[in-house]
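Please consult the briefing below alongside the sequence and the three-dimensional structure. The points are grouped by topic.

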Amino acid sequence: MKNFFISDIDNITPGKEVHVKGWAQDIRLMKNIAFIIVRDSTGLVQATVKRDCPDFHKLETLSRESVVEITGTVPEKVQSNIGREILVTSVELINMAEVPLPIGITDNVETDMDTRFNSRFLDLRKPEIGRIFQAKSAILWGIRNFLMSQGFTEVQTPKTVSAATEGGAELFHVKYFEKNIFLNQSPQLYKEMLVASGVERVFEVGPAFRAEEHNTPRHLNEFTSIDIEMGFADHHDAMHMLENAIAKGISNFLENVRDASSFSVVKEKPVTPFPRVSYLECIKILKGEGYPAVHGEDLNNEALKIIGKKFDGFYFITDWPTSVRPFYTALLDNNPEYTKSYDLQFREIEITSGAQRVHNPAELKRRIEDKGLDSDDFEFYLRTFKYGMPPHAGWGLGLERLVQVILGLPNIREASLFPRDRNRVFP
RNA sequence: GCCCCGGUAGUGUAGUGGCCUAUCAUACAGGCCUGUCGAGCCUGUGACUCGGGUUCAAAUCCCGGCCGGGGCGCCA
């Protein structure tokens, strides 16, 4: 196993011998001297090979992106402006890369997104692409650690389901032996059932599937949803949990990923609590700006852009009208036209949707039917409310969207290793 | 689901009916090379998405397919 990495060279005393294993990112071969820029997951080093090195002739056949092992010593004075150098005594060609490369790793030409995704394994070798996923990992671990510290239990629920769960979103149909079933759009009903099971604070990180034929920079047909549900809690509690989880995700990223603030648009831990603005206040803002907002309707993208300009970064829109929220959303105590619900926004992008939920089974059944759904289809869910269901609240957070807004990525596909969209199911 | 735009060497582009035997960059191959570092210089290889149609003539115009990017709707 390799246990010496290129960044470890920084701690080596000059004159000492090192073995470097990695990819030959660039090769500059001259008559009496050659330079190989070697890359591994921690950084770059220049391997300087002089004519008198017995392996000098091997470089004539070396192709870019081949895997090499290089032995040499660290010089007293580094002459490469990469900042790391080794003076080579031997070169092993471990596995040669074919030429030409399907896409350039360091070439001074842009590559279309589609072409990049067709050769995603090579695309990910670019440091500026690979670090997106270091950021994603660090953000997720920050959120996970926070939830664990708050007494949450991580669970896994089925992604194959027999009935449409929430209505609304289109689902993917799957053949399941002799049955026709669906891929789940969200773990919503399962996490509520687990609250009824006595798992008072529960979360899941897993895929969610939406068969919507959208083609936009902020939608994927398969995305990672971070979902929580808390028993004996209301929507305010859930919002507190959310803003703190996001703050922890961001601080974990900023503290643990090299040069994080140089490529992130969110450069410091956000201030909590995040601003809250109610749906009704949004309508007032829009009317004040001369935008024809219709009270009772969802806020469209153009409206959200106007609202987003009023806030710098993350903010909540609360108390949405009952007509635009799912059946399981609890109503405001003093006004059933509105709900105990909220979206977390970053400018016009919706990151999270959440609410306190209905916990009374009779009310829940009525709300299902009010939405024109058949309550018999939800019997597996409804019966969990009949034997002691506490008040509860939670949210679902789109991980790729969160990464997209934190890093300022122009397209959400950039935040998925192998994105799934309307046309792409490869690789 | 509706709408708009696009598809030229491995990669990215220029080219709006004849001057295209298709531009440039990058990559690749070969040559020169003095510690290079977006190395440089010279030579070379390499392309019009597919199928119909219009025309004396199509990369270029028209229709359709396939593929891609985006807007709306919907959502995370």
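In what order do the eight strands of the open sheet run? The order is S6-S10-S11-S18-S17-S16-S13-S12, and the pairing is mixed. The structure is a predicted model, in which local features need pLDDT of at least 70, side-chain atom pairs count only at pLDDT 80 or more, and totals for chains, interfaces and linings use all residues. Residues are numbered from 1 along each chain as its sequence is written, chains are lettered from A and ligands numbered from 1 in the order in which they are written, and side-chain values use heavy atoms, with hydrogens and water left out.

**The open sheet**

- Strand S6 (153-154) and strand S12 (276-278) are the edge strands, each pairing on one side only; two strands pair if DSSP finds at least two bridges between them.
- Strand S17 (residues 349-356) runs antiparallel to S18, and five bridges join them.
- Gln-356 has Ala-393 in S18 as its bridge partner.
- Helices (H or I, at least four residues) and strands (E, at least two) are DSSP runs, numbered from the N terminus.

**Helix H4**

- Helix H4 (residues 188-196) is largely enclosed by the rest of the structure, because seven of its nine residues are buried (under 20% relative accessible area, with a 1.4 Å probe and protein chains only).
- The buried residues are Gln-188, Leu-189, Tyr-190, Lys-191, Glu-192, Met-193 and Val-195.
- These buried residues pack against strands S7 (160-161), S10 (201-209), S11 (222-231) and S18 (392-398), and against helix H10 (379-382); contact means heavy atoms within 4.5 Å.
- Gly-198, which follows H4, has a positive phi near 95 degrees.

**The largest pocket**

- A pocket is an open set of points on a 1 Å grid over the protein atoms alone, where a 1.4 Å probe fits, with protein on both sides within 12 Å along at least five of seven lines; lining residues have an atom within 4 Å of a point.
- The largest pocket has a volume of about 1,400 Å³, a volume being the space filled by probe spheres set on the points, which are joined across faces, edges and corners.
- Its lining comprises 49 residues, of which Arg-210, Asp-343, Glu-350, Ser-353 and Arg-401 lie nearest the centre.
- S17 gives the most to this lining, with seven residues.
- H4, S11 and S18 are among the elements that each supply at least two residues of the lining.

**The second largest pocket**

- The second largest pocket has a volume of about 560 Å³.
- Of its 19 lining residues, Asp-40, Ser-41, Thr-42, Pro-127 and Gln-134 are the closest to its centre.
- Helix H3 (127-149) supplies at least two residues of this lining, and its four residues are the largest share.

Note on methods. Buried means under 20% relative accessible area, exposed over 50%, partly exposed in between (1.4 Å probe, protein chains only).
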